[in-house]
Amino acid sequence: MKKLSIKLGIVFFLIIFSLEIFMFFFLHAALVDSRIEEEFFSLQARGNAHRDILEKHFEPDTISHVTLMESEANTDVVITDMNGQLLGSSVKSIDIQDHINRSDSDIPRDGEVVDDNWKEGKFISTVSPIDINGETSGKVFMFQETASIHSLIERLNRHFILTGLIAVFLTLIVIIFLSKGLAKPLIRMKEATSKISKGDFTISLPKNRNDELGDLANSISQLASDLNYLTQERNDFLASISHELRTPLTYIKGYADIVLKRNLSIEDRDKYLIIIHEEVNRLSDLIKDLFDLAKMDKNSFVIQKRPIDLTDFFLKIEQKFSPAFQEKELEFEVICPEGAVIIADPARLEQIIFNLLDNAIKHSSPGAKTFLSINNKKKDVYINVRDNGKGIPEEDLPYILNRFYRVDKSRTRSLGGTGLGLAIVKELVLAHGGTIAVKSKEGIGTEFELVFKGADNIENDTIS
Ligand code: ATP
Ligand code: MG
């Protein structure tokens, strides 16, 4: 039995059915008790009424009048003197002696029940004392056949059984609809998840519920679209990787073949070996970058944050990069407030700045200038890398941080990047809890703005 709706239905039914049974039994017992009590009460009241008349006129005429009255009713009366001697009776066929003998001599004024065995006996009976001048002079016995009580209870039982059956039927219908209604969205979600697991992300789940099932449906839809995006991205990534690996390998193989097969002059051979060497370097850089990105994706990338004195840090960066800028006849200026402190991993921060400055160098023409400026705003540290190089076309700007994205799709050996530099920058900045934004105008220049959480530093004196 697998079906959720059936399981839910059975559980609901068992709970509600047992509750109903309990309530019906309880109600039935209470009703029967109160009806029986009523019967005894009215029998006793009738006996008391006769007694009241007989107390006023305890004489044969009144006795026969009372018995005559009762012979027409469905109750019976027996009047005796104090010693149990029969004075009058409306009873024809029953053995009343046993009842008469059973009554006490000391009977309360309001009378008492003599025989209450309505379940098995043929009669129930009560007795009321006739007190004349303070002395008990006789007794009025009242009898009622239990058959009428039995038929009353039978009628009650029939009503209960009918109502019970209707209640069970209605319960069943309500439960069937309820359990189906509850199970239906779950079944749809189960179907959706098995579709997702087979790689089909085109699922549609109702979005109009605002309960937990609605939340679950939304999460599953979100999961499907995330998985779809990831699968797409993984496929693109794999295609790009194989393309990126193939290109340098083709160069290496081609030039290696030439070096091996042809009788080359020493200069030519060296030229080709240098190309092979460059390509191998590029390949190893690519693999290192890919490895870094893979580690970042797996979250196994360790960021060892500590407070960094930025003045010191950027002074070293300036010293390290100035030769590279000079070599390309570019200007480079670092603007950093004194005492600025940032909480970051120094090696990773250097990698970030390196990638950004490397791009600025690659995409600027001689005479252009690159600024590296650091600012404290409120509690954040802003790092801006601005160049007036060739800029990035507007249509490429939204994709510039994506893996393998290059504006110049051809792989020229002079610039020859892999398109992973900015993707790594982005991942590293995000791993530090920072943000990255890029502004660029073709022919004017590019500016990257990184925002990191600072270490509460206030001084803003600028050094260069
Ligand atoms: P890698 O950095 O992996 O060696 P890459 O420099 O080509 O390769 P990214 O750093 O990710 O890759 O840059 C992606 C592309 O963005 C570059 O190919 C270039 O077209 C463009 N770009 C990046 N920075 C600049 C910049 N400062 N000026 C102009 N274009 C830029
Ligand atoms: Mg780069």
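This is a predicted model: local features need pLDDT of at least 70, side-chain atom pairs count only at pLDDT 80 or more; totals for chains, interfaces and linings use all residues.

A: Let's start with helix 2, whose buried residues are covered by, among others, helix 1 (4–56), strand 1, strand 2 and strand 5.

Q: OK, which residues of helix 2 are buried?
A: Those are Thr62, Ile63, Val66, Thr67 and Glu70. Looking down the axis of helix 2, the buried residues lie within an arc of 135°, so they line one face of the helix.

Q: Why would residues spaced like that line up?
A: An α-helix has 3.6 residues a turn, so residues three or four places apart point the same way.

Q: And which ones are exposed on the other side of helix 2?
A: There you find Pro60, Asp61, Leu68 and Glu72.

Q: What span should helix 2 have?
A: With 13 residues at 1.5 Å a residue, helix 2 should span 18 Å, and its end C-alpha atoms are 19 Å apart, which agrees.

Q: Switching to the sheet: what order do the strands come in?
A: It's an open sheet of 5 strands in the order 2-1-5-4-3, with antiparallel pairing. Strand 2 (86–89) and strand 3 (112–115) are the edge strands, each pairing on one side only. On average, neighbouring strands here are turned by 25° against each other, ignoring direction.

Q: Which helices pack on the sheet?
A: Helix 2 (residues 60–72) does, touching strand 1, strand 2 and strand 5 (135–145), and its direction makes about 160° with that of strand 1. Helix 4 (residues 146–197) packs on the sheet too, touching strand 4 (123–132) and strand 5. The direction of helix 4 makes about 45° with that of strand 5.

Q: How many bridges join strand 1 to strand 2?
A: There are 3 bridges between strand 1 (residues 75–81) and strand 2, and the two run antiparallel. In that pairing, valine 78 stands opposite serine 89 of strand 2.

Q: What about strand 4, how many of its residues are buried?
A: Strand 4 is mostly covered, with 8 of its 10 residues buried. It pairs antiparallel with strand 3 over 3 bridges, where valine 113 sits opposite threonine 126 in strand 4. Strand 4 also pairs antiparallel with strand 5, over 10 bridges, and there serine 128 has valine 140 in strand 5 as its bridge partner.

Q: What sits between strand 4 and strand 5?
A: The two form a hairpin with 2 residues between them, and asparagine 133 in the turn has a positive phi of about 50°.

Q: Is asparagine 133 buried or exposed?
A: Asparagine 133 has 79% relative accessibility, so it counts as exposed.

Q: You mentioned helix 9. Where does it meet helix 8?
A: On the helix 8 side, the contact is made by Arg348, Gln351, Ile352, Asn355, Leu356 and Asn359. Helix 9 brings Gly421, Leu422, Ile424, Val425, Leu428 and Val429.

Q: At what angle do helix 8 and helix 9 cross?
A: The axes of helix 8 (residues 346–362) and helix 9 (residues 421–431) cross at roughly 145° and come within 9 Å. Helix 8 passes helix 9 in a left-handed crossing.

Technical notes
Residues are numbered from 1 along each chain as its sequence is written. Chains are lettered from A and ligands numbered from 1 in the order in which they are written. Side-chain values use heavy atoms; hydrogens and water are left out. Two strands pair if DSSP finds at least two bridges between them. Helices (H or I, at least four residues) and strands (E, at least two) are DSSP runs, numbered from the N terminus. Axes are lines fitted to C-alpha atoms, for helices over the stretch in contact, and angles run from 0 to 180 degrees between N-to-C directions. Contact means heavy atoms within 4.5 Å. The expected span of a helix is 1.5 Å times one less than its number of residues. Buried means under 20% relative accessible area, exposed over 50%, partly exposed in between (1.4 Å probe, protein chains only). The arc is that of the directions from the helix axis to the C-beta atoms. A crossing is left-handed if the near helix is turned anticlockwise from the far one by less than a right angle, and right-handed if clockwise.
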